[in-house]
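Colleague: I would like to learn how to read a few features of a protein model, step by step. Could you take me through them slowly?

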Amino acid sequence: MEQKLKVFLTVVKHMNFSRAAEELFITQPAVSQYVKSFEEELGIKLIDRTNKKIRLTKAGSLVAYYGGEIFTLNEKMKQAVEDLAGEVKGKLAVGASYSFGEYILPHIVADFLEKFPSVDPYITIGNTQEIAEKVIHNEIDLGVVEGTVASEKLIAEKIATDKMYVIKGRKENTEKRVHLNEETWIVREQGSGTREAFDWFAAKNGIRPAKILEFGSTQIIKEAVEAGLGVALLSEWTIRNELELEKLKIIGGGSLYYERNFYAIIPNAPFMTKTAETFLRFLRRD
C-alpha cells in the first residue's frame, strides 16, 4: 500500500499523470495502474478523469489529506529509528514566526551547522498561527513563535524574552509631542504574534488608535514608519540596524515598551528525531 499511496500523492501534487510519472521515473500507464489498484483496494473512486483533466473526488480529497500525514509520519518513523544508533544528521525542518525567523534564527542555524555540519536545514517563515498548524500536521519538526498557542496537540517551552518598543521615523519633527491615541498605528495582521503583542500593549496603556494600517511583514512596517506614515510597536531585534543608521527613533526614551516571550513548540508526541531533539536543546542553550 505504501507505494500505491506514494504514487497517488504524487499525482495529486501535480494533478497530472504524465508529470507524476516523470517524477517517479516510471511510465504513465504504470502510474494509472497504481492508482486503479489503490482505488480497488480502498473500494472507492479517488480520481475523476474527464476531458483529459483529472479531479479529486470527495474520497480522493480525504485520502490525499490523511495520506499526506501518513506518508510524513512514516518518513519520520524511519528517521527516528535510524537516529537511535546514528549521528545528528539529515533533514531538520524548523518553522518560525517573522520576528524570530528573519532576525534571530539564521544566526542560530549557522552556529548549529558549525557543530553539526551533516544536518540539512529546511526553514519555514510564517505568522504564529501558520507555524503552529505546520507543527500540528507534522509538516515541520518544531517551531519558534512569539504568540500564545492554545492546543492540546502542542507542547510550548519558553526559550527567550524580547522587548518591543514604540518607534517613529527620524525624519519627523522631533520636537512634536507624540499623542499615542492620535497617531496612525502600523500593525501586523491578525494571527501574528507581533499583532497580539500590540493588542495587549494597547489595552494595557489605554491606547485607542485614531487609525490603523495593517501590513503583512515587519520590513514593510519599518519602511512605512521611516516614511512617516505612523508609529509602530516592534521587537528590539528587528530595529537594531535602523536605530544605528538613525532611520528610526524609539519614543519615550525606551521607558515605553512591551515585554514578551518566545516559545519553542513541538508536537505533543512521545518521540522526536535525534536531530530535532538536539536542535531543541541547542535553542535552550543546554
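**Reading a loop, a core and a helix pair**

Modeller: Let us start with Asn138, which lies in the loop between helix H7 (128-136) and strand S5; helices (H or I, at least four residues) and strands (E, at least two) are DSSP runs, numbered from the N terminus. This is a predicted model, in which local features need pLDDT of at least 70 and side-chain atom pairs count only at pLDDT 80 or more, while totals for chains, interfaces and linings use all residues. Residues are numbered from 1 along each chain as its sequence is written, and side-chain values use heavy atoms, with hydrogens and water left out.

Colleague: Is Asn138 buried or exposed?

Modeller: Buried means under 20% relative accessible area, exposed over 50%, and partly exposed in between (1.4 Å probe, protein chains only). Asn138 has a relative accessible area of 16%, and therefore it is buried. Not counting residues up to four places away in sequence, Asn138 touches Thr72, Leu73, Lys76 and Pro267, where contact means heavy atoms within 4.5 Å.

Colleague: How does Ile155 count, by its relative accessibility?

Modeller: Ile155, whose place is in strand S6, has 38% relative accessibility and so counts as partly exposed.

Colleague: Which residues have the most contacts inside the largest nonpolar core?

Modeller: In soluble globular proteins, nonpolar side chains tend to be buried together. A nonpolar core is a set of buried Ala, Val, Leu, Ile, Met, Phe, Trp, Tyr and Cys residues joined through side-chain atoms within 4.5 Å. The largest one here has 25 residues, and those with the most contacts inside it are Leu92, Phe100, Phe112, Leu142, Ile159 and Phe279. Helix H11 gives the most to this core, with five residues. Apart from this core lies another, of 20 residues, including Val7 and Phe38.

Colleague: At what angle do H6 and H11 pack?

Modeller: Two packed helices are described by the angle between their axes and the distance between the axes. H6 and H11 pack at an angle of about 120 degrees, with their axes 11 Å apart; axes are lines fitted to C-alpha atoms, for helices over the stretch in contact, and angles run from 0 to 180 degrees between N-to-C directions. Among the residues that make the contact are Ile108 and Phe112 of H6, and Phe279 and Leu283 of H11.
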